[in-house]
Amino acid sequence: MNDRNIIFIGFMGVGKTTVGQLVAQKLNRKFIDTDEEIEKEYGIATSEIFKKFGEKVFREKEMSLIISLCKQKNLVVSLGGGAFLQEEIRNACLASCIVIFLDLTFEKWRERINLIIESRPVLNGKSIEEMKELFYKRQEIYSNHHIKIDTDNKEVEDIADQIIKLLENRRLQNLVHTEEGDI
Ligand SMILES: Nc1ncnc2c1ncn2[C@@H]1O[C@H](COP(=O)(O)OP(=O)(O)O)[C@@H](O)[C@H]1O
Ligand SMILES: O=C(O)C1=C[C@@H](OP(=O)(O)O)[C@@H](O)[C@H](O)C1
Ligand SMILES: [Mg+2]
């Protein structure tokens, strides 16, 4: 495995935090969830940060945190689902890290709404139709990635194992290419 950070992106609730944590554990790497880091700094939940300080402040924190994490190595980082809306974040992550997009169909995503609705201020007060619109609108920004993983009907453990295998194969491929290039 090379030392580039592994970054998880994707819509709210697809499993970035859960899968990222497990991948980090399996690879023996430090795990950082950007929402958790920001919440720690403020001492309150994301929804409270949105309420008290506004989304703009949250997005600025997200930006400075992620840009600084991109300068480090060997991390597994799960971003918040809106982080990739900011071009500077996208560019920094894509340039120096391995960006993994966790994909889920809207049909499967909607089965998870109850698990996340309370803690995701962006979903607050939205109808299912509005959530659907946001879901599809966001897909475009997630098309900026290195690896895409379809997660429909998959257990967290299987997703993590699939990712680790893929990364290992990439590493082997890179080794072959490097050797060929050396000849
Ligand atoms: N593959 C999966 N299968 C079933 N439930 C999942 C899966 N991945 C995540 N979840 C659940 O979905 C919810 C949102 O997961 P989370 O990791 O917080 O997503 P994100 O960080 O992308 O918003 C959690 O309750 C989590 O346990
Ligand atoms: O998509 C978004 O705009 C957000 C996603 C959340 O993270 P998760 O994707 O981990 O739910 C969190 O950063 C915040 O509530 C805003
Ligand atoms: Mg998360």
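A residue is classed as buried if 20 or more other C-beta atoms lie within 10 Å of its own, as exposed if 12 or fewer do, and as partly exposed in between. By this criterion R138, with 18 C-beta neighbours inside 10 Å, counts as partly exposed in the predicted model described here. R138 is found in helix α8, which comprises residues 128-142.

The secondary structure of the chain comprises nine helices and five strands. From the N terminus on, these elements follow the order β-α-β-α-α-α-β-α-β-α-α-α-β-α. The radius of gyration of the chain is 17 Å, close to the 16 Å that the globule rule gives for 183 residues, so the chain is as compact as a globular protein of that length. The C-alpha trace spans about 60 × 35 × 30 Å along its principal axes. Of the 183 residues in the chain, 30% are buried. Among contacts with a separation of 6 or more, 79% are accounted for by residues 24 or more positions apart.

The surroundings of ligand 1 were examined next. Ligand 1 is surrounded by 17 residues, of which G15, K16, T17, T18 and L115 are the closest. In terms of class, this shell contains six nonpolar, seven polar and four charged residues. At least two shell residues are supplied by each of α1 (16-27), α7 (113-116) and α9 (156-182). Helix α1 gives the most to the shell, with three residues.

An unreviewed UniProt entry assigns the feature "binding site" to G13, V14, G15, K16, T17, T18 and R120. G15 is placed in the loop between β1 (6-9) and α1. With 21 other C-beta atoms within 10 Å, G15 is buried. Residues up to four places away in sequence aside, G15 touches L102, T151, V156 and I159. R120 is placed in the loop between α7 and α8. R120 likewise counts as buried, having 21 C-beta neighbours inside 10 Å.

The feature "binding site" is also placed by UniProt, in an unreviewed entry, at D35, R59, G81 and R138. D35 lies in helix α2, which spans residues 34-42. D35 has 22 other C-beta atoms within 10 Å and is therefore buried, whereas R138 is partly exposed. When residues up to four places away in sequence are not counted, D35 touches T46 and G80.

Most residues other than glycine have a negative phi. N74, although not a glycine, has a positive phi of about 65 degrees. The position of N74 is in the loop between α4 (55-69) and β3 (75-78). N74 is partly exposed, with 15 other C-beta atoms within 10 Å. A positive phi, near 60 degrees, is also found for N153, a residue other than glycine. N153 belongs to the loop between β5 (147-150) and α9. With 9 other C-beta atoms within 10 Å, N153 is exposed.

Terms used
Residues are numbered from 1 along each chain as its sequence is written. Chains are lettered from A and ligands numbered from 1 in the order in which they are written. This is a predicted model: local features need pLDDT of at least 70, side-chain atom pairs count only at pLDDT 80 or more; totals for chains, interfaces and linings use all residues. A residue is near a molecule or strand if its C-beta atom, placed from the backbone, lies within 6 Å of it. Helices (H or I, at least four residues) and strands (E, at least two) are DSSP runs, numbered from the N terminus. Ala, Val, Leu, Ile, Met, Phe, Trp, Tyr, Cys and Pro count as nonpolar, Asp, Glu, Lys and Arg as charged, and the others, Gly among them, as polar. The radius of gyration is taken over C-alpha atoms; the globule rule is 2.2 Å times the number of residues to the power 0.38. Two residues are in contact if their C-beta atoms, placed from the backbone, lie within 7 Å. UniProt positions are given in the numbering used here, feature names are shortened, and annotations may be inferred rather than shown by experiment.
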